[in-house]
Amino acid sequence: ERPLVTSLRIAHLVRASSTGERIELYHDRIREHYARQLSAPATRRVHLRLAQSLEAKAFDDPEVLYEHYLGAGEPARAAGHAARAAEVAQRALAFERAAEFYQRALECSPGAEAVPTAWYVGLGDALASAGRGGEAAKAYLLAAQRPDVKNPLELERRAGEQLLISGRMREGIEVIGRVLQRVGLRLARSS
């Protein structure tokens, strides 16, 4: 393998990563050509071997691992890496990217009962931070309905707040009114 990699490097067809542990095809057309030659089962095997090899080497890029496990036909494993990628994006203040990866995690999960409530809350937080209040409210309301949620009223309050911020006054007031009613208060009527 090493002489082949060396000759490919000399021909400027592959390049080494900054750490020197990985190589990348330099020209996408070459990669695309060889990828088209693989059958679907062979493609899944390649993705699985790549993902497992990367994890064995403690490679910590959840976006890459998500793509490989998804390509390997392992959606449950892909979901966990998508959620980790969302957390990384959230910490980096890349809220749109975080929302995208939380959504991918939810879509890849085998069933609603297997999804951690934190993923719905994370999705709501990312959407709220990205200025997508209506969508954030939906995520918070879904999280509030989960059987293992610790404080559903807080999530409903956050949903109401996001609805109000996004200009959905009627819906927001309705949700806030329900929250207040559950704590023994009521919304003042306007004249």
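Leu50 lies in helix 3 (residues 40-56); helices are DSSP runs of H or I with at least four residues, numbered from the N terminus. The model is predicted: local features need pLDDT of at least 70, side-chain atom pairs count only at pLDDT 80 or more, and totals for chains, interfaces and linings use all residues. Residues are numbered from 1 along each chain as its sequence is written, and side-chain values use heavy atoms, with hydrogens and water left out. Leu50 is partly exposed, at 38% relative accessible area. Buried means under 20%, exposed over 50%, and partly exposed in between (1.4 Å probe, protein chains only).

Salt bridges pair a side-chain nitrogen of Lys or Arg with a carboxyl oxygen of Asp or Glu within 4 Å. The count is 13 salt bridges. Arg84 and Asp60 form one, at 2.2 Å from N to O. Arg84 sits in helix 5 (residues 75-91) and Asp60 in the loop between helix 3 and helix 4 (62-71), so the pair ties together parts 24 residues apart in sequence. Arg84 is partly exposed at 31% relative accessibility, whereas Asp60 is exposed at 57%.

Helix 9 (residues 152-165) holds both Arg157 and Glu154, 3 residues apart, about one helical turn. Their salt bridge has its closest N and O atoms 2.8 Å apart. Arg182 forms a salt bridge with Glu156, the closest N and O atoms being 2.6 Å apart. Arg182 belongs to helix 10 (residues 169-182) and Glu156 to helix 9, so this pair ties together parts 26 residues apart in sequence. Glu156 is buried, with a relative accessible area of 10%. A network of salt bridges links Glu63, Glu67, Arg97, Glu100 and Arg104.

Note on methods
Helix = DSSP H or I, 4+ residues; strand = E, 2+ residues; numbered from the N terminus.
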